[in-house]
Amino acid sequence: MRIAIIGTGYVGLVTGACFADIGHRVICVDNNAEKVKLLRAGGIPIYEPGLEDLVARNVAARRLSFSDTVAEGVNQSEVVFIAVPTPPLPDGSVDLSFIEGVAREIAACMTSYKIVVDKSTVPVKTGEKVVETIRRYNQAKVEFDVVSNPEFLREGFAVEDLMRPDRIVIGVQSPRPVPAMREIYAPLEAPLVVTDINSAELIKHAANSFLALKISYINAISVICEAAGANVQEVANGIGLDQRIGRRFLDAGIGFGGSCFPKDLSAFIKIAEQLGYDFGLLKEVQRINQEQMQRFVRKLADTLWVIKDKRIGVLGLAFKQNTDDVRLSPAIALCEHLLREGARLRVHDPQAMEKAKTILPPGKTVAYVAERDAVAEGCDALVVATEWPEFKQLDLERARRSMTHPIMFDGRNLFDPQEMERLGWVYKSVGR
Ligand code: UGA
């Protein structure tokens, strides 16, 4: 199949590379000419495990190419995917101007039947608007179908998630584009859920909101565990073994962040409001998430008494493990909070330090430490803010000896409380 992907962000680039690896001929289009230049030269603008090799392999096999013009992509393809950003507006609703702009561009150069597939996360009923827009702006009046095909990949596991999805959702207005969509995904052997377009669009927001709800639920349980002297991990294991609940996304911590959950929750609350429903449940999910961070900062203040002038080591800046993405990262929010209180920070992240520097500029109050095991040197406390698995390999003895006080605040429950105490640490985690 000949495929164009418009938008070379996380979703677009990973999808394009994976489709090419499956055997399709893919042209990835981005209006950022610099990015296209970088990709053509073999560079990758993001850190994502496995992506660099995948792109290089498929470019070499001539199945994957890059362009900065939509017309080039559309003319060479049977199926055109839209994977452009849908950022939040100040009132929490979604800015659909990139989707609208791309729909117009596609319409302007379409001279034969095309399947136009939306992969970006959009509010329900966006597909209807895309159909109207293409109809309005296509001079040639050619036939086309619009499909909704939401993406469920997680950053840090994007290639794996795309190649081994739990399901593939295809929202259509008519059966005509279904065989082509089946063909695109045929080698992946995942269940294909075919729905109407509105339902497919809703599946994406409903899924992300439910996952965020799961995290807030376990974070709320963590508060009760602390008050009652119970252990949230044991509670999560105990309830997670019930197959109706499942253990995944039940890890308590300092809350969820990133470019998806916070934005999608606000958007879904807004969409519901516009459709006449007050989604109070999801507002509570947001509230618990904010409170979880405040509670953690209070824990630091309770132990350190005064945060001003304390030297604090911070392990983790990315919003989660396996990524260099710092957008709405709880770790960054935590650093900002500690800086406002007058702390001096020594920070480390295996991948996200360069991107973090644009938000937390290095200087007198923030020192970027290249070596993980050196981050604790001279510190009054050490904080774990991101669930990077390699933080478990921290040289605890070296860290303990190099600190003024061996106090650790583990915001991701990476270490075992009993073991930490045995090793001489004052150890505080979440819900244990
Ligand atoms: C999320 C969804 O998991 C994907 O299915 C979806 O495709 C994607 O959004 C999207 O809409 O594009 P992502 O934001 O990449 O993926 O990351 P997650 O792995 O879901 O983590 C989100 C946040 O939740 C992170 O801050 C993570 O630390 C936190 N989290 C996750 C927890 O606090 N506890 C958990 O048990 C799991």
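Buried means under 20% relative accessible area. By that cut-off lysine 263 counts as buried, because its relative accessible area is 15%. The legends below apply the term to a predicted model.

**View 1. A salt bridge between two buried residues, lysine 263 and aspartate 264**. The two side chains meet with 3.7 Å from N to O. Aspartate 264 has a relative accessibility of 2%. Lysine 263 stands at 15%.

**View 2. The contact between domain 1 and domain 3**. The chain is divided into domain 1 (2–190), domain 2 (205–285) and domain 3 (295–428). The contact takes nine residues from domain 1 and 10 residues from domain 3. Taken over C-alpha atoms, the centres of these two domains are separated by 38 Å. The size of an interface is often given as the accessible area lost when the parts come together. Here the area buried between domain 1 and domain 3 is about 730 Å². Carbon and sulfur atoms give 44% of that area. On the side of domain 1, Tyr47, Glu155 and Phe157 lose the most area to domain 3. Together they make up 68% of what that side buries.

**View 3. Arginine 327 and glutamate 155 in a salt bridge**. Their closest N and O atoms are 3.5 Å apart. Across the interface of domain 1 and domain 3, one salt bridge is found. Five residue pairs are in polar contact between these two domains. By class, the side of domain 1 that touches domain 3 has six nonpolar, one polar and two charged residues. Glu155 is also among the residues of domain 1 that lose the most area to domain 3.

View 4. An α-helix has 3.6 residues a turn, so residues three or four places apart point the same way. Arginine 136 is exposed, at 54% relative accessibility. Glutamate 132 is partly exposed, at 37%.

**View 5. A salt-bridge network of four residues**. Glu284, Arg287, Glu291 and Arg295 are linked in this network. Within it, glutamate 284 and arginine 287 bring their closest N and O atoms to 2.5 Å. These two residues are three places apart in helix α12 (residues 280–304), about one helical turn. Both are partly exposed: glutamate 284 at 35% relative accessibility, arginine 287 at 37%.

**View 6. Asparagine 219, a buried residue of helix α9**. The helix covers residues 197–228. Asparagine 219 has 1% relative accessibility. Its side chain makes a polar contact with the side chain of glutamine 292, at 3.4 Å. Leaving out residues up to four places away in sequence, asparagine 219 touches Asp251, Ala252, Gly253, Gly255, Ile288 and Gln292.

**View 7. Helix α13 and its packing partners**. The helix runs over residues 330–340. Which residues of α13 are buried? They are Pro330, Ala331, Ile332, Leu334, Cys335 and Leu338. These buried residues pack against helices α12 and α14 (353–357). They also pack against strands β9 (311–315), β10 (344–348) and β12 (381–384). At the start of α13, a side-chain oxygen of serine 329 reaches to within 3.1 Å of the backbone nitrogen of alanine 331. Glycine 342 follows the helix, with a positive phi near 100°.

**View 8. Positive phi at lysine 125 and phenylalanine 249**. Neither residue is a glycine. Lysine 125 has phi near 85°. This lysine is found in the loop between β5 (114–118) and α6. Lysine 125 is partly exposed, at 39% relative accessibility. Phenylalanine 249 has phi of about 65°. The loop that holds phenylalanine 249 lies between α10 (232–240) and α11 (261–274). With a relative accessible area of 25%, phenylalanine 249 is partly exposed.

Key. Residues are numbered from 1 along each chain as its sequence is written. This is a predicted model: local features need pLDDT of at least 70, side-chain atom pairs count only at pLDDT 80 or more; totals for chains, interfaces and linings use all residues. Side-chain values use heavy atoms; hydrogens and water are left out. Domain bounds come from an automatic or database domain assignment. Contact means heavy atoms within 4.5 Å. Buried area is the accessible area (1.4 Å probe) that two parts lose on being put together, summed over both. A polar contact is a pair of N or O atoms within 3.5 Å; within protein, one must be able to donate a hydrogen and the other to accept it, and residues adjacent in sequence count only if both atoms are side-chain atoms. Ala, Val, Leu, Ile, Met, Phe, Trp, Tyr, Cys and Pro count as nonpolar, Asp, Glu, Lys and Arg as charged, and the others, Gly among them, as polar. Buried means under 20% relative accessible area, exposed over 50%, partly exposed in between (1.4 Å probe, protein chains only). Helices (H or I, at least four residues) and strands (E, at least two) are DSSP runs, numbered from the N terminus.
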